[in-house]
Amino acid sequence: MGSNIKSAVLEKLMKAAAGLANSSLQDFKDKGGKVIGYFCPFIPEELFIAGGFLPFRMRGTGSQNTNLADAYFDTLNCCFVRHTFNQLLAGKYSFLDGLVIGTGCDHLRRIFDNAKHAAHETDFIYLLDHPRTMGTPEMNGEPMITYYRSQLAGLKEKMENHFNVEITAPRLKNAIKLCNETRRLQKRLYELRKADNPPINGMETAAIMMAGASMPKEEYNENLKTLLGELEKAPASGRKYSARLMVVGVAIEDPCFYSVIEENGGVVVTDDLCFGARTVQSVVDEKTADPLRAIAKYQVLDVPFCPKINGAHVRRVSFIKEMTAQFKVDGVIAQGYVACDPWGTSFALLKESLKEAGIPFLRVDRDYLPSQSGQLSTRVQAFIETIGGRI
Amino acid sequence: MNGAKNDASVDAYTQLKTDFAAITAKSFQARLNEFVENKTPIIACTDDFFPELFTAMELPFYFSVRQGLEGAFHTGKGPEAVDGYSELGGSSSLCSLQKAAAYLLVKGKLPKPAAIVMTSTSCDAQTAVNELMSNYKPWAAVPRVSVDASFEKDEASMAYLGRQWMDCIPFIEKATGRKFDLDRLKEVCEESNKQCGLMFDFQELRRAVPSPVRADWGFIAYMTGRWAACGRPEATEWLQRLYDVTAQRVKDGLGIEGVKEKIRYAWFDILPCWSDKLFPRLEQAFGAVNLMDLYGYNAPWPVIDTSSLESIFTSFAKRFLIGNPMTRQIFSLSSVYGNDAVHIARNFKCDAMIMPSHVGHKDGAASHRVVKDMFRQIGVPFLVLGCDVFDERYMSPDVVFDKISTFFETAGLTGR
């Protein structure tokens, strides 16, 4: 059910997403490069890249249990947090030289406390205070930008002192350009999925997006350019899908989730995920004299937000509706972890909003590990059949 | 509630209870129905950020979780509200108090406000309820403002939050037609400073052995000074009397009536709505006295600097994020939570620390290892429960009693 091209680049990117330490990351390390792990897209990769670091988006890929993390986190806590922390404790992140955690949610934030307490391999552990309220240009936008800029400056200074590097404005501007190029390329990838028969499916797209936060950016951009060239020339597959779907909710790191949907006749054409469509909607100002401020402005005003951000529901609904129109979506699948109060509450609101808009909606509460894939398959199948009846 | 049979303070505490009820009856919260009937503008907040401002403006306000507490759990309708919320399809893991607040909201049982003031604190559940309140259709036309709270607690971060709250004044004036008077706010703040000072001083008396009062007096003091009559002289007078009568008990070496104090422990979370099914049993079975709960603990409170409007609001930010119980512990590092617990254990001479670990407190659930290791270092036995302090169906008071009994026994605290 994958793409209809044979591509070495696609294979490479999918491999990078399937594990933690990939070959590109290892090459970077072998050349003396340093890697900083980070949680949440609110933490700007530009800052790390400008310091010569490789930013690695933290995930629990490969985790089978939470035996080690259970000494720190309760079963009431988010399973993503527990599995990722377990990988950290298990030494799967031995390639990290630093770790930056955001103040986004009650669960994630505690990784900072527990990582400090556990004193794992990395000794640079930083908690970045980022906004938890949606900024609007006419109300609180300016003070929020100023505040967030000051927090970014604090992180920058800490990194400079700890790693003995200089993160200058020109370097930051180059990093902005590089990350913007990634955003534009990824946006092109999303655009391809507007086709009646998308040349690439949801599982592959998710892996490509994940690889983008797991390997050196320059290399990734070159790979993605090659892949886009291949995909844009690829002949239409002629495959028929029963339903074009959008997934929303928590980050999906498990390819099985997409497989279940796509093996049941659906195709995921877009999403509202923190390392998915949300990151490619706009770019950071490249012409600015104050790159830190430009990054802060981008994060405060320009990106669609997850429900950890207070007051963003209306904007989220509007984004989802816009995506469903642009990508000719037949239905929305909302998936989240049981312990996630912001998404759980948001789903209740979303259900109503999308019902009014006539957009079919399925809510799935899931665990980090794909243990419930049978149940998920049954529900997705029923949902697709329902939508199929509408088409 | 307190005092030996021949002790004059028995009458004093009885009077304090009566007066607390009278003060509470005059509070904004108790008179919400009256305000709705006579169309007095009401502000809905998502927490009690700056009760001083509302006292100064004589502007009724309420905050969502307190509605869950007083509108559902204190009226015996908590379980119904919790189940009702679940049927609405919200987050199943949400704190039961927040579930109750959300249920009251969507069922139209919260007074329609003239304006909504939200701040991105203190927990995910609160943010979730903020979102429900913000998108509640019958209130679609109600003006609202969302303020971003800093997680950092340095001076600049406090000024950041304070400035945003200060900017809410014209918004509140416009929405309610009430006029803001800085001099009046200063008066209220000065009174509030006295109250917080008395709450702290009262707390310090409770270091005495035997404990002069039960933990619930700490929560009652909090409710008087912060919830019922913040910045009003009657609360100051009440808190002064509470301090005086308790100081006398300490001087007289009096403990809790009918209890031979053998085990001193703290319950470091919100006092449960089912307290009466637990604490008296522990007193009778083990002579175990609960010295402190989360809301009875004063950190102490940052003093409000009344030199300017800006300094007042920066102080409000400090009060809320550094002083206010629960916000202080959950919207901060695990070490703050742990250090407070250790401070109580050491200075209030606790034989044991009980972390109820209310199921809604996800940040707390992720802090146990850090806190437990701190307690291991000071050698004070430490128990994590994982109960629901509002909804006793999650873990019954009997089960909680059994767990604590076993804990006391295994820690060697019984039979002393």
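## A tour by selection

Begin in chain B with strand β3, residues 115-119, and with β4(B), which pair with each other in the parallel sense through four bridges; bear in mind throughout that the model is a predicted one.

Next, colour chain B by domain, using 1-30 + 181-257 for domain 1, 41-179 for domain 2 and 259-416 for domain 3. Between domain 1 and domain 3 of chain B, the C-alpha centres are 20 Å apart, and their contact draws 25 residues from domain 1 of chain B and 25 residues from domain 3 of chain B. On the domain 1 side of this contact, select α10 (182-205) and α11 (216-228) of chain B, each of which supplies at least two residues; α10(B) gives the largest share, 11 residues. By class, that side of domain 1 of chain B comprises 12 nonpolar, six polar and seven charged residues.

Which residues have the most contacts inside the largest nonpolar core? That core has 270 residues, and the ones to select are Leu245(A), Ile43(B), Ala266(B), Cys350(B), Met353(B) and Ile354(B). Stay with Met353(B): apart from neighbours within four places in sequence, its contacts include Tyr265(B), Ala266(B), Phe268(B), Phe375(B) and Phe382(B).

Then show both chains, and select the contact between them, to which chain A contributes 39 residues and chain B 41 residues. On the chain A side, the elements giving two or more residues are α5 (106-118), α6 (141-163) and α13 (341-356), with the largest share, eight residues, coming from α13(A). This side of chain A has 16 nonpolar, 14 polar and nine charged residues.

Finish within chain A, at helix α7 (residues 169-192) and helix α11 (residues 291-302), whose axes come within 9 Å and cross at roughly 35°. Here Ala169(A), Leu172(A), Lys173(A) and Ile176(A) of α7(A) meet Pro291(A), Leu292(A) and Ala294(A) of α11(A), a contact made up of six nonpolar residues, one charged residue and no polar ones.

Key. Residues numbered from 1 in each chain as written. Chains lettered and ligands numbered in written order. Predicted model: local features only at pLDDT ≥ 70, side-chain atom pairs only at ≥ 80, totals over all residues. Axes fitted to C-alpha atoms, helices over the stretch in contact; angles between N-to-C directions. Contact = placed C-beta atoms within 7 Å. Nonpolar A, V, L, I, M, F, W, Y, C, P; charged D, E, K, R; others polar. Core = buried A, V, L, I, M, F, W, Y, C linked by C-beta atoms within 7 Å. Buried ≥ 20, exposed ≤ 12 C-beta atoms within 10 Å, placed from the backbone. Pairing = 2+ DSSP bridges. Domains from an automatic or database assignment.
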